[in-house]
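Dear colleague,

Please find below the structure that I am handing over to you. The notes that follow it set out what was found.

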Amino acid sequence: MPYNSQERLFSLIGSIYETAPQASADAWRAIYLEMADLFSSGLGGLAIYSKQSDEIEVVIGTATADQLDEYTRNYHRASPFREILGKLKSGEGLNRREVMSDDDFRASALYRNFFEPLGVFHLEYQLFLVEQGLTGGIIFTRSEEAGNFNDNEISAMRLIMPHVERAFRVYMNVFAVQLKNKIMAEAFDQIPENILVVDRKLVLVFANVGGRAITEMNDGLRVDDNGLLNGCSQADTRRLQAFVDAEFGEHTDGNPVRRKLLQISRPSGLRPIELLISSFTAAGLSGLSSEPVAIIFASDPDQKFETIEGILRQIYELTAAEARVAMLLTDGKSSTDICNVLGIKQNTFRTHVKHIFSKTNTRRQSELIRLIVKGPARFKSN
């Protein structure tokens, strides 16, 4: 046998389970290479096949992208192994000699045009996953000189496959959770509100891009070296803790408290940061326990709106001057103030406003402000 002892086989199985929760393609690549070395395999890989799309994706392996593309394009649908592979059940395998004799294989276009130039003569396919129209298998190959896989080696492969299946299912679940978390984080980053999520002790659990920006200014709110959300003064930190404690109190003593606004002073002298809070329960990792956390909406009254001028120009086709006028109106500036800031006359200002109303389908300044504050221009654009 090409492996030295059972210890190496058991070590490989241990590595498979260690890889499962990592959701790392590199870790699975290392596992495949370890299997390939164990069975003295040449070209091969871990492949996923979709019956719905009739496509094969080699998730990890030693073949190049060009080689995979050539096989898929020219040989996949005409493969002599295709029908039998489609009937395999999880844990079963297929050796090339079970489908084609050596002589027939040598005479085939598949061998002459594809496998022979790659030094592949013997093929062993082990199926480890069948689920919802997807099948997952591992392909091992050898050259003609290296000889075919023997019964002991195939038995060892089949011993490994159930472990690969369990570990790969864990990997897919972890990957799905990580992908979902990434999508949710990116979605929160598109929300214009500044969002901070904390636990009872003010540990910052999550912050969207706006929440991070408001703490990184270190002007009212900050995150200390221990990851705790603090005010910039001890007094404000105590008020913030009491603010969070009161919110969690709604769910511990059964007596709802009236929702309040907390204002956090700022060393810069700008208007205070205003906080609203809402608690919710996050499931524990085991699913058997839960740890309450609170979501804080942090509003900066002096936050500038210039960042969405480009969005206004894009979605409403405003000119640069029109977008600037629209933002100054939203910021509460009077027509006189806007004329002074932009260095324009009242007639020009009125012309800009007329065009803005027309392009945004609004009729009054109040409608325009409501559109900007609550409409699609609020959302960040990449």
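The mean positions of the 43 positive and 49 negative charges of the protein lie 10 Å apart. Please bear in mind throughout that this is a predicted model.

As to the overall architecture, the protein contains 14 helices and 12 strands. Its radius of gyration is 32 Å, well over the 21 Å that the globule rule gives for 382 residues, so the protein is more spread out than a compact globule. The C-alpha trace spans about 90 × 55 × 35 Å along the principal axes. Buried residues make up 39% of the 382 in the protein. The accessible surface amounts to about 21300 Å², and carbon and sulfur atoms contribute 52% of that surface. Among contacts with a separation of 6 or more, 55% are between residues 24 or more positions apart.

I turn next to the charged pairs. Side chains of opposite charge can pair when their charged atoms come close. How many salt bridges does a search of the whole structure find? The search returns 18 salt bridges. One of them joins Arg8 and Asp37, whose closest N and O atoms are 2.2 Å apart. This pair links distant parts of the chain, with Arg8 in helix α1 (residues 6-19) and Asp37 in helix α2 (residues 25-38), 29 residues apart. Arg8 has a relative accessibility of 23% and therefore counts as partly exposed.

A second salt bridge is formed by Asp236 and Arg239, with 2.6 Å between the closest N and O atoms. Both residues belong to helix α9 (residues 234-249), and because they are 3 residues apart there, about one helical turn separates them. Asp236 is buried, with a relative accessible area of 5%, whereas Arg239, at 37% relative accessibility, counts as partly exposed.

Glu83 and Lys87 are both exposed.

Helix α11 (residues 320-330) deserves a separate paragraph. This helix is mostly covered, as 8 of its 11 residues are buried. The buried residues are Glu322, Ala323, Val325, Ala326, Met327, Leu328, Leu329 and Thr330. Which helices do the buried residues of α11 pack against? They pack against α10, α12 (335-342), α13 (346-360) and α14 (365-374). Just after α11, Gly332 adopts a positive phi of about 90°.

Ile308 is found in the loop between β12 (290-299) and α10 (309-316). Is Ile308 buried or exposed? Its relative accessibility is 12%, below the 20% cut-off, so Ile308 counts as buried. Ile308 and Ile372 are 64 residues apart in sequence, and their C-alpha atoms are 9.2 Å apart in space.

Most residues other than glycine have a negative phi. Gln132, however, has a positive phi near 50° and is not a glycine. Gln132 is situated in the loop between β4 (122-131) and β5 (134-142), and with a relative accessible area of 76% it is exposed. Asn361, also a residue other than glycine, has a positive phi of about 60°. Asn361 sits in the loop between α13 and α14; its relative accessible area is 71%, so Asn361 is exposed.

Finally, Leu68 has its place in helix α3 (residues 65-74). At 28% relative accessibility, Leu68 counts as partly exposed. Leaving aside residues up to four places away in sequence, Leu68 touches Val58 and Ala63. The C-alpha atoms of Leu68 and Leu204 are separated by 46 Å, and the two residues are 136 residues apart along the chain.

With kind regards

Definitions and conventions: Residues numbered from 1 in each chain as written. Predicted model: local features only at pLDDT ≥ 70, side-chain atom pairs only at ≥ 80, totals over all residues. Heavy atoms only, no water. Helix = DSSP H or I, 4+ residues; strand = E, 2+ residues; numbered from the N terminus. Rg over C-alpha atoms; globule rule 2.2 N^0.38 Å. Buried < 20%, exposed > 50% of the residue type's maximum accessible area, 1.4 Å probe, protein only. Contact = heavy atoms within 4.5 Å. Areas by Shrake-Rupley, 256 points an atom, 1.4 Å probe, with all protein chains shown as cover. Lys, Arg positive; Asp, Glu negative; His and termini not counted. Charge placed at Lys NZ, Arg CZ, Asp CG, Glu CD. Salt bridge = Lys/Arg side-chain N within 4 Å of Asp/Glu carboxyl O.
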